Amino acid sequence: MSAPVDLGRQWVGPAAADFAAVHPQLSVRVSLSDRVVDLFEAGVDVAVRIGALADARLVPRRLARSRRVLCGAPDYLARRGWPRTPADLDGHACIVLQRPGMRPLSWTFRTEQGLHTVRPAGRLVADSGDLVRDWAVAGHGLAFKPIWHVAADIDAGRLVPLLTHLPAPGSAVNVLYPSRRFLPARARLFIDFLQQRFAAHEAAVLAAAAPRGSGDPLQRVQRTRMDHRARRLATLRSP
C-alpha cells in the first residue's frame, strides 16, 4: 500500500503493523512517499491520500473528514507575533509546500465574504510535507498542514492552531483502489481495518483545529504544555 510520509508515519504505518498482528497469515508492505504513486504501474493494492481525487480510474472510500490548519510554534509566535487575519500573513515567514512540477500550495480560508486565498511567499520551500512540519515545529515559520499531520503536535503544545475562526475548506482522508481489477480479500480486510482506526480518532483530531476560546493565546499554549506533562506523569506513575 502507499501513503504520504506524514500520514503514513503517524497513522497508516501503525495501523498496518496492528493489522499484521491481527492477521499473522498476511504480509503488509507499506511505501511512503509524498509523490503521487500510480497504483497501476506500481502494482499497489490501495493508497491513502488526503484531498480531491485526481485519477478517475480509482475508486475512493472515505476514511475520515479532514481540513488544513494554519499553525506555528509557540517560540516563533512569541518572536513574530500572532496573525489575526489572512492579511497579517504578509508580515510572517511562511513555509511553502511545492510538489515537483506544480505551483506552490495556496492557503485558503473561509471568511464572511467567502473564500479568501493566500499565495504564500517564503524563503523556505519544500516538496515534502514531513519537512514542512519539522520546520514549523522548529520555529522557522508558519505552515498550512492537514490536521491529521499536526493534531498530536497541537495537543502536545509543539504547534499552535491559528485563524481557527476562519477554517480552511473541508476535505477528506480517502483510501483509493483500482476500479478495473479485482480487489483482493486482503485489501478489503485492510480497508475495513483502516476505516475503523480513523473513525475511532476522527473527533479528537478535528477538535485540535476547533476555534479557541478567549484569553491570551500564549498562556493557553503554556497551559496545554502543562496539561500534557501532567498526563504523561500520571501515566508513568500508574501501576
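Leaving aside its neighbours within four places in sequence, which residues is Gly8 in contact with? They are Ala3, Gly13, Pro14 and Leu32, where contact means heavy atoms within 4.5 Å. This is a predicted model, in which local features need pLDDT of at least 70 and side-chain atom pairs count only at pLDDT 80 or more, while totals for chains, interfaces and linings use all residues. Residues are numbered from 1 along each chain as its sequence is written, and side-chain values use heavy atoms, with hydrogens and water left out.

Gly8 lies in helix α1; helices (H or I, at least four residues) and strands (E, at least two) are DSSP runs numbered from the N terminus. With a relative accessible area of 1%, Gly8 is buried. Buried means under 20% relative accessible area, exposed over 50%, and partly exposed in between, for a 1.4 Å probe and protein chains only. Between Gly8 and His149 there are 141 residues of sequence separation, and their C-alpha atoms are 9.5 Å apart in space.

Two packed helices are described by the angle between their axes and the distance between the axes. Axes are lines fitted to C-alpha atoms, for helices over the stretch in contact, and angles run from 0 to 180 degrees between N-to-C directions.

| Helix pair | Angle | Axis distance |
|---|---|---|
| α1 (residues 5-22) and α6 (residues 185-207) | about 130 degrees | 10 Å |
| α1 and α4 (residues 129-137) | roughly 80 degrees | within 7 Å |

Angles under 35 degrees count as roughly parallel, over 145 as roughly antiparallel, 65 to 115 as roughly perpendicular and the rest as oblique. α1 and α6 are therefore oblique to each other. On the α1 side, the contact with α6 includes Leu7, Trp11, Val12 and Phe19; on the α6 side, Phe190, Phe193, Phe198 and His201 are among the residues that make it. By class, this contact of α1 with α6 has 14 nonpolar, 1 polar and 3 charged residues. Here Ala, Val, Leu, Ile, Met, Phe, Trp, Tyr, Cys and Pro count as nonpolar, Asp, Glu, Lys and Arg as charged, and the others, Gly among them, as polar.

α1 and α4 are roughly perpendicular to each other. Val5, Asp6 and Arg9 of α1 meet Gly129, Asp130 and Arg133 of α4 in this contact. Its residues divide into 1 nonpolar, 1 polar and 4 charged.

Helix α5 (residues 147-156) is mostly covered, with 8 of its 10 residues buried. Among them are Ile147, Trp148, His149 and Val150. Gly157 follows α5 and has a positive phi, near 85 degrees.

The structure holds 7 aromatic pairs. Rings of Phe, Tyr and Trp (its six-membered ring) pair if their centres lie within 6.5 Å; planes under 30 degrees apart count as stacked, over 60 as edge-to-face and the rest as tilted. Trp148 and Phe198 form a tilted pair, 5.0 Å centre to centre with 55 degrees between the planes. Trp148 lies in helix α5 and Phe198 in helix α6, so the pair ties together parts that are 50 residues apart in sequence. Trp148 counts as buried at 0% relative accessibility, and Phe198 is buried with a relative accessible area of 1%. Ring pairs also link Trp11, Trp148 and Phe198 into a cluster.

**Loop residue Leu163**

Leu163 lies in the loop between β10 (160-162) and β11 (170-178). Although Leu163 is not a glycine, it has a positive phi of about 50 degrees. Leu163 counts as buried, at 5% relative accessibility.
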